[in-house]
Amino acid sequence: MKFNKNLQNIKTYEAGKPIELVVREFGIEPKDIVKLASNENPCGCSPKVIDAVGAILPKMALYPDDSMIKLKNGLSARYGVQNKNVIIGSGSDQVIEFLIHAKAHNGSKILMNSITFAMYEIYAKHVGAEVIRTASQEHDLDEFYELYKKEKPEIIFICTPNNPTGDALDAAKIYDFLSKIDGDTLVVIDGAYMEYAIAKESKKEIVPKELIEKFDNVIYLGTFSKAYGLGGMRVGYGLAESKIVEELYKLRPPFNITTLSLEAASEALNDEEFVKKSITLNFEQMKRYEEFAKEQKIDIINSYTNFVTLCLNSEQDSTKISNQLLQKGMIVRNLSSYNMNAIRVTVGTHEQNSRFFELIAQYL
Ligand SMILES: *Cc1c(COP(=O)(O)O)cnc(C)c1O
């Protein structure tokens, strides 16, 4: 059977291995498995979310509120924007899908960093767009600008802080870059880890309200999957000028967010204390990774997120080491598919991190 030829050279996205798979493949007890591979919040989610979701369970037979009014009101209040500036997706992943389908087509060019979130490329390929990448490992906006002038891309992705490297750009540099981009190029600022970056250094803070007031060709993306601890609920959002949001809405399937997810995300916004506590724990624990890297003489990228990227030296092989860890029930992310001899580790609880240090020290 022939399929859309755009799909021919797409490599299916490989998500972090779920705990269930490690149980089956290696016969390890679930309690002995530690998953530090998908940047989930090791504190779980706010107990208020659990109560709210429990209370709404009896409504499961009804379709969700497709206007998503409660969550939109929550996000609008949180960011000081209007509901018409908000689109909600099944994860911000889905918003990325919408915006690529809305703006790009066969032959379009999409500009992104050499190493960045893998889904940008996959969705780009759906529509037959060509991916243009910078050469430098960290976002270099001068290089972005040179490529923008040369290639005239339809869309530019800026992931700050970047996944899987954890580095972040100064907001001032991004604003300066945006002021040089023409209004017909859509610029995506993916802030999946922004809550962490702001806590670490205020000059990294992108304020979506300012952004969309100043630029009508920019969309800001946020998610409930990381700092809010709701990866399993699949809720993300895009904030942009209403004209952009209206176009994205044309691609949205009805009821794309479940009743439970809408409730969970709305309630999560009411417990900023939980998010604060998670972030404090994150950076306390991250210090241990920095010390560990120093002791082991391996490089660690200065991270503005809830994960660290350990760059191994040439005698160490990230594929081999991550497999050895997996066999002991420790799931981390091997970055060999990004052409990096590195592993990305989500900062876990004190106990999880101790286990990681103890295990990996045997293989380095
Ligand atoms: C996790 C992540 C997302 C989206 O996650 P969702 O769970 O789909 O909301 C988007 N961008 C980056 C860079 C991420 O790391």
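How far apart do the C-alpha centres of domain 1 and domain 2 lie? They lie 24 Å apart.

Some ground rules. This is a predicted model, where local features need pLDDT of at least 70 and side-chain atom pairs count only at pLDDT 80 or more, while totals for chains, interfaces and linings use all residues. Residues are numbered from 1 along each chain as its sequence is written, and side-chain values use heavy atoms, with hydrogens and water left out.

Now the domains. Domain 1 is 5-44 + 273-363, and domain 2 is 47-271. Those bounds come from an automatic or database domain assignment. At the interface, 29 residues of domain 1 are in contact with 35 residues of domain 2. Contact means heavy atoms within 4.5 Å. The two domains bury about 2700 Å² between them, 63% of it on carbon and sulfur atoms. Buried area is the accessible area (1.4 Å probe) that two parts lose on being put together, summed over both. On the domain 1 side, Asn6, Tyr304 and Tyr338 lose the most area to domain 2, together 26% of what that side buries.

Next, the core. A nonpolar core is a set of buried Ala, Val, Leu, Ile, Met, Phe, Trp, Tyr and Cys residues joined through side-chain atoms within 4.5 Å. Buried means under 20% relative accessible area, exposed over 50%, partly exposed in between (1.4 Å probe, protein chains only). The largest core has 83 residues, and Ile158, Phe224, Leu325 and Phe356 touch the most other members.

On to Lys226. UniProt, in an unreviewed entry, places "modified residue: N6-(pyridoxal phosphate)lysine" there. UniProt positions are in the numbering used here, feature names are shortened, and annotations may be inferred rather than shown by experiment. Lys226 sits in the loop between strand E7 (218-223) and strand E8 (236-240). Helices (H or I, at least four residues) and strands (E, at least two) are DSSP runs, numbered from the N terminus. Is Lys226 buried or exposed? Lys226 is buried, at 13% relative accessible area. Leaving aside neighbours within four places in sequence, Lys226 is in contact with Ser38, Asn39, Asn41, Ala192, Tyr193 and Tyr196.

Last, the backbone. Most residues other than glycine have a negative phi, and most peptide bonds are trans. Met68 has a positive phi of about 50°, and Met68 is buried, at 2%. Lys152 has a positive phi near 50°, but Lys152 is exposed, at 62%. The bond from Thr160 to Pro161 is cis, with omega near -5°.
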